[in-house]
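Dear colleague,

I am handing over the structure below, and my notes on it follow. Please read them alongside the coordinates.

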Amino acid sequence: QVQLVESGGGLVQAGGSLRLSCAASGRTASTYPTGWFRQAPGKEREFVAAITSSGWRKYYADSVKGRFTISRDNAKNTVYLQMNSLKPEDTAVYYCAAGGSKWSNNYYSSPALYDYWGQGTQVTVSS
């Protein structure tokens, strides 16, 4: 069992930056690949970024590539999402999730591949 808690959301102007954190509890939390997703009002939850348990491989949605960076500190059981050059269309609730048994380096962008989810943190980007 893994519990995830996101933090770091808030209100920022377009062009600004935020860093989200996802703190995991549980002895094996650092062994899970982890993803970030977001959901805007009236829209489906969409993939943002993912990172393997070791941190060696990282994956990004095209919409955030070059602006967002995912990283992890396994000693702290924490995964980060550094978001730069934020745009109003980045406004959403951001969720972190721990990958399940079907997660792989070829299949990582579907919410169905993740077993554990945090409660979400709101990010609002004003124009």
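How many aromatic pairs does the count come to by the rule used here? The count comes to nine aromatic pairs, where rings of Phe, Tyr and Trp (its six-membered ring) pair if their centres lie within 6.5 Å, with planes under 30 degrees apart counted as stacked, over 60 as edge-to-face and the rest as tilted. This is a predicted model, in which local features need pLDDT of at least 70 and side-chain atom pairs count only at pLDDT 80 or more, while totals for chains, interfaces and linings use all residues. Residues are numbered from 1 along each chain as its sequence is written, and side-chain values use heavy atoms, with hydrogens and water left out.

Tyr32 and Tyr116 form an edge-to-face pair, at 5.9 Å centre to centre and 85 degrees between the planes. Because Tyr32 lies in the loop between β3 and β4 (34-39) and Tyr116 in strand β10 (residues 114-117), this pair ties together parts that are 84 residues apart in sequence; strands here are DSSP runs (E, at least two residues), numbered from the N terminus. Tyr32 counts as buried at 17% relative accessibility, since buried means under 20% relative accessible area, exposed over 50% and partly exposed in between (1.4 Å probe, protein chains only).

The rings of Tyr59 and Tyr108 are stacked, because their centres are 4.1 Å apart and their planes stand at 20 degrees. Tyr59, in strand β6 (residues 58-60), is buried, with a relative accessible area of 12%. Ring pairs link Tyr59 and Tyr108 into a cluster with Phe37, Phe47, Tyr95, Trp103, Tyr114 and Trp117.

Best regards

Note on methods:
Helix = DSSP H or I, 4+ residues; strand = E, 2+ residues; numbered from the N terminus.
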